[in-house]
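Thanks, everyone. I have a few minutes, so let me walk you through this one. Please keep the picture in view as I talk.

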Amino acid sequence: MPYLERDGDVFVLYLGNEGQTDSENRFHPDWIDEFHDQLDRVEAAEGPAALVTVATGKFFSNGLDTDWLFANLDRMHGYLDRVHSMFSRLLTLNMPTVAALNGHAFGAGAMLALSHDFRVMRSDRGYWSLPEIHLGMPFTVAMNALVTERLTNQVAVEAMTTGRRYSAVDAIAAGIVDTQADADRVLADAVARAGALTANRKPILPVIKRALHARALEGLNTPTTAENLPFGG
Amino acid sequence: MPYLERDGDVFVLYLGNEGQTDSENRFHPDWIDEFHDQLDRVEAAEGPAALVTVATGKFFSNGLDTDWLFANLDRMHGYLDRVHSMFSRLLTLNMPTVAALNGHAFGAGAMLALSHDFRVMRSDRGYWSLPEIHLGMPFTVAMNALVTERLTNQVAVEAMTTGRRYSAVDAIAAGIVDTQADADRVLADAVARAGALTANRKPILPVIKRALHARALEGLNTPTTAENLPFGG
Amino acid sequence: MPYLERDGDVFVLYLGNEGQTDSENRFHPDWIDEFHDQLDRVEAAEGPAALVTVATGKFFSNGLDTDWLFANLDRMHGYLDRVHSMFSRLLTLNMPTVAALNGHAFGAGAMLALSHDFRVMRSDRGYWSLPEIHLGMPFTVAMNALVTERLTNQVAVEAMTTGRRYSAVDAIAAGIVDTQADADRVLADAVARAGALTANRKPILPVIKRALHARALEGLNTPTTAENLPFGG
C-alpha cells in the first residue's frame, strides 16, 4: 500500500509497502483507494509544498494488477476508469509533482510516471516501457490521450507500437523523462527538484494545469466501454 | 509501377519500375491503384511481417504526377483524395512500416515517407522537402493534418512555410527521420529495423495505430473540395 | 511606440521608442494600435518582403502594461483580446517573420516572440520566461492555446507551471528559440534569416499559415470572459 513521508515541504509518496522492497506496486483496487487517500492528505496540507512519488528496489510500478483483473473481468471497465483517475489527479494536482523512477515503470506504471510534471530516472538500470503491443492489449481512450498528448507523435508511435524499453539515456533523448541520476541519488535529486518548486503551490497552479492538459483530460475523463476498448481485428 | 519483393518476413515495396533506376515515382492514378493492390497482397499474408518501402537511384518519390494533374484539372479533388488514401493506409497498416529514403522525397513523396512508422535516410545525398510554398501551391486539409500531427509545430512551420530541403542530418535533428545510413546500407538498415518488429504484426496493432493517429486520420479522411483547398489571397 | 525601418526587402519593426534604449516595451492600448498600424504599412507593401521585430537595450518586451491594466481593471477582458490580436496577426502575417530577441522577453512579450515564424536570441544575456505562476496570474484561453500549440507539451509544462527563465542555450534546447547570436549580431542574424525568405511572400503563404496554426488560432480568437479567465482556487 502507498505510504507517505515528508522531507521539509516535500511530500514523498512511496508506491510500495513499508519495510518491503522490490514489490511490483501494481494497481489493486484497494491500492488505488489508498493512493487517493494519501493524495487527499497531501492536498489538504497548507502552504508551500510539492510531491515526489517513488518506490524502493527494482520496480517503480508494473501498472495494472493483472491477477486481480483476470479474476474480475466483468469489472474491467470500471477498474480501468479508477486507474485513469490517478493519472488525471496527478496531472492537475495543486502542487508541483516529480516522479523518481527508481526502477521499472511499465504499462500503466509508465503512464503514472508520465502524469507527473517531471521525471528523474535511475541511470544504471530500469526501463520505461509500454508493453501492451507485446501482450496483444489495446490502450483505453484515456491512456491513448495521455500518452499522445504528453509525448511527441513519433515518440508515441515508437513507444505504443513497438513496446520499446527505454533506458534513462533513451528516455531523455525521447523526451519521456527529464534527467537521470545514480541509483542512490534518484530520490534526492527528485526531492531537490521538487523542493525548488514548492513556492509555486498557489491557487492558480491547478487552473493553469487544467488548461494546459485540457486535451489529455478530455480523454482521461472518457468512461471506458466495450465499444471504445476494442481488442483488435 | 510499384512492385514487391520479400526478404524473410519483410515485404519490400519498390516505388519504381522493375529494372529501371532514377525514376521519379510520381503518383499517377494507375500507379496509386497498383500501390494499393500491392498492399492488398502484403496485408493478406499471414503471420509475422513488416513492410519496407524504397526505390532505386536518385529519387524516393517526387510526389504528385503534375503532368497528369495539369492535363486533368477537372479531376483534381478526386485525384488528391486518392493520394491521401495511400497516406492513411500506411499510417494504419496492420504491420510495422519503415521507409528507406534512398533519394529525394519531395512534396507528396515526403508525405508518403512521413506516413510510415519509421524512416531511414541516405546520408550523403537526397533531400526531404515540401516545396509547395515555392510552387505557390496550398496543402490540402489532409496534407496539413498529416504534416502538423506527425511533426512538432515549429518543424511544421519551417517545412511548410520555407520549403527547406532537409539533408539526413537536418532531418534527424528536426525529428523528420529517425536514422541515417550510407547509400548502400539504407535498404539493409531499413529491412533490419523492420525485421526486428515483425512479431508486432498482431490484430491489436492497427487498433493502436488508429487511436494514436486519430487526429491525422480525421484530416486525411476529409474530402478535398474547392472550398477547403483555396489557392491563396 | 513601435516604429519601422527597412533593410532591403526586410522590414524592421522596433518595439521601443525611437532614440530611447532600455524601454520595457509593454503593451499599452495605444502601443497596440500603433503596432497594428505599422503592420498595416508592412502588409501593404508589394513584392518580396519579410519582417523582423526587435528592440534596443535590455528588453525585447515585458508584455502586458500592468500599470495601465490595474488602473483599468473594468476593461481587462477587452484589453487582453487586443493583446491576443497581435499574436494572431503575427502568426498569419503574409510574409516570413523573425523575432530578434535582443533582451528579456517576459509574459505576453515572450508570447509575442512565439508568434513569429522564427526566433534569434542574444547569447550572453536576457531570458525568455512566462512568470505568470510567480505573479499568481492565469493564462487566457488564447495564451494557453498559443503556448501549448507552439511548444511541446513537456516544455509547456515547465514554462507555464514553473516560470523558468530560459537563457538562449536553454531556450534552444527546449525548442523555444531557433538560434543564438552575440549581442551585436542578433539583429543582423535575424535580418539575414528573414532576407533569405523574402521570396516566400506569396498569396499562398497566409493560407498555409492559417491551416498550420488552426488550433492556436481557434484559441486566440476566443473572446476573454470572466468565466474563461478564472483566477484560481
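Predicted model: local features only at pLDDT ≥ 70, side-chain atom pairs only at ≥ 80, totals over all residues.

**How the copies are arranged**

Let's start with chains A and C.

Now chains B and A. Chain B can be laid on chain A by a turn of 120°, again with a shift of 0.0 Å along the axis and an RMSD of 0.0 Å. These two copies are thus related as by a three-fold rotation axis. In chain B, the C-alpha nearest the axis belongs to B:Thr152, and it sits 4.1 Å away.

Next, the contacts between chains. First, A with C. Here 22 residues of chain A touch 24 residues of chain C. The size of an interface is often given as the accessible area lost when the parts come together. For chain A and chain C, that is about 1800 Å². Carbon and sulfur atoms account for 59% of it.

Which residues of chain A lose the most area to chain C? They are A:Ile204, A:Ile208 and A:Leu212. Together they make up 31% of what the chain A side buries.

Then B with A. Chain B brings 22 residues to this contact, and chain A brings 24 residues. The buried area is about 1800 Å², with 59% from carbon and sulfur atoms. On the chain B side, look at B:Ile204, B:Ile208 and B:Leu212. They supply 31% of the area that chain B buries against chain A, more than any other three residues.

Do the copies meet through the same surfaces or different ones? Only 14% of the interface residues of chain B are also interface residues in chain A, so the surfaces are different.

Let's go inside a chain, to a helix pair. Two packed helices are described by the angle between their axes and the distance between the axes. In chain A, take helix H3, residues 76-91, and helix H6, residues 141-150. They pack at an angle of about 30°, with axes 10 Å apart. Angles under 35 degrees count as roughly parallel, and that makes H3(A) roughly parallel to H6(A).

Who meets whom? From H3(A) come A:Leu80, A:His84, A:Phe87 and A:Leu91. From H6(A) come A:Ala142, A:Met143, A:Leu146 and A:Arg150. By class, this contact has six nonpolar residues, one polar and one charged.

H3(C), residues 76-91, and H6(C), residues 141-150, pack at about 30° with their axes 10 Å apart. That makes H3(C) roughly parallel to H6(C). Among the residues that meet are C:Phe87 in H3(C) and C:Leu146 in H6(C). The classes here are six nonpolar, one polar and one charged.

Last stop: a sheet in chain B. It is open, has three strands, and runs in the order E5-E8-E10 with parallel pairing. Which strands stand at the edges? Strand E5 (59-61) and strand E10 (128-129) do. Each has a single partner strand, so one side of each is left without a neighbour in the sheet.

Strand E8 of chain B covers residues 104-106. E8(B) pairs with E10(B) in the parallel sense, over two bridges. To find the spot, look for B:Ala105, which stands opposite B:Trp128 in E10(B).

That's the tour. Questions are welcome.

Methods: Residues numbered from 1 in each chain as written. Chains lettered and ligands numbered in written order. Heavy atoms only, no water. Least-squares fit on C-alpha atoms with pLDDT ≥ 70 in both. Contact = heavy atoms within 4.5 Å. Pairing = 2+ DSSP bridges. Helix = DSSP H or I, 4+ residues; strand = E, 2+ residues; numbered from the N terminus. Axes fitted to C-alpha atoms, helices over the stretch in contact; angles between N-to-C directions. Parallel < 35°, antiparallel > 145°, perpendicular 65-115°, else oblique. Nonpolar A, V, L, I, M, F, W, Y, C, P; charged D, E, K, R; others polar. Buried area = accessible area lost by both parts, 1.4 Å probe.
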